[in-house]
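The model is a predicted one.

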Amino acid sequence: MPCVKTRASAPGKIILFGEHAVVSGTPAIGSAVGLRARVTVEDLPGRLEIALRDMGLTVTGFSVGPNGEVISLGSSEEAARAARYVAGVVRELDARDIRVIVESEIPVASGLGSSAAIVVAALAAVSSHMGLDLSVNQVAAQAHGIEKMVQQGLGSPMDTALSAFGGYQMVCGGASPLELPAIEMVVGCTSRPHDTRSEVARVQELRSAYPEVIGPIFQAVGEITRRAIPCIRDGSLMELGTLMNMNQGLLESIGAGTRELSELIYAARGAGGALGAKLTGAGGGGCMIALPEPGRQRDVLIALAQSRGSGFPVKTGAEGLIVETGIR
Ligand code: PMV
């Protein structure tokens, strides 16, 4: 009898405005983008296996520790990290007798929501394969819990909400959807991965040390985020670009920038003719985003390549979780 598989895919994301300040309660806006993580589940009687296709690793017969950590896993840090998230899902659902195959187009540790997309897709695929009928709301909530547990961090619900629901989300405490039109943007990646947890901890320490300085900076970031919403809705791209540049200045002031990020940001704004550019996510490495003039995505991509960055075009508001059952 042919093996019946279940597959789920979930998108990565960019943060348009408000990273870091959101951890202290001001609003942030993010959008799902077209890069996706795909998780396929098939029966494997008597065994439990996680295969990370594009990362060249198969984990068999592993055991999962009390915090969801995969025990006796010798491989690259990237693959080990992805496996930890899947193991967190397997443990949460008490799943067994399955093979979980993970494929992802989303660069890891870059602020593009790779771990959230893997958790959301794995949770949906494994639960659906087990015959559990989780709603998208339940997937988003449980995935956020698993991501936080594995990262042992503060983690806002931004990434998991965007991976589950797609579109745009505003996070202010909880996540809520925003109905806004798609925009063409460009993502540029530095070669340096970043660690969200340590970046968030560093910024929060700065806030404790200088509350009278950082408080108003975070408030200004929140105002920028609020002002950005009508600009996206009305297609006021010039103003949106200006707001991105202001947000970038404030991110620099809290130490989230790096020389490599700045090089890409200035290349996009200069030779690339972008209307605005800023880092996206926690900073300290990872990626930046640029808003090209309409029809000028290519100019920005060329400018990024000339500055030794790897860039790709994205459209905001991408589709969220997709589940396919009964695949033969
Ligand atoms: O994981 P990243 O790089 O997308 O950054 C998350 C954004 C922060 O605001 C820095 C942290 C958070 O949980 O919102």
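**Entry 1, the core.** I started with the largest nonpolar core, and it has 68 residues. Leu16, Met185, Val187 and Leu240 have the most contacts inside it. I then looked up which helix gives the most to this core: it's helix H2 (residues 114-129), with 10 residues. Both domain 1 (5-180 + 317-327) and domain 2 (184-315) put in at least three residues each.

What does Val187 touch once I leave aside neighbours within four places in sequence? I got a list that includes Ile14, Leu112, Cys287, Ile289, Phe312 and Val314. Met288 and Leu304 are also in contact with Val187. Those two turned up again in a second, separate core of 21 residues, which also includes Val221 and Ala274.

I searched the whole structure for aromatic pairs and found zero. I did find a charge over a ring, though: the charged end of Arg269 sits over the ring of Tyr266, 5.2 Å from its centre.

I picked Gly241, which lies in helix H7 (residues 237-253). Is Gly241 buried or exposed? Its relative accessible area is 0%, so Gly241 counts as buried. Leaving out residues up to four places away in sequence, Gly241 touches Leu275, Gly276 and Leu291.

Definitions and conventions: Residues are numbered from 1 along each chain as its sequence is written. This is a predicted model: local features need pLDDT of at least 70, side-chain atom pairs count only at pLDDT 80 or more; totals for chains, interfaces and linings use all residues. Side-chain values use heavy atoms; hydrogens and water are left out. A nonpolar core is a set of buried Ala, Val, Leu, Ile, Met, Phe, Trp, Tyr and Cys residues joined through side-chain atoms within 4.5 Å. Buried means under 20% relative accessible area, exposed over 50%, partly exposed in between (1.4 Å probe, protein chains only). Helices (H or I, at least four residues) and strands (E, at least two) are DSSP runs, numbered from the N terminus. Domain bounds come from an automatic or database domain assignment. Contact means heavy atoms within 4.5 Å. Rings of Phe, Tyr and Trp (its six-membered ring) pair if their centres lie within 6.5 Å; planes under 30 degrees apart count as stacked, over 60 as edge-to-face and the rest as tilted. A charge sits over a ring if NZ of Lys or CZ of Arg is within 6 Å of the ring centre and within 35 degrees of the ring normal.
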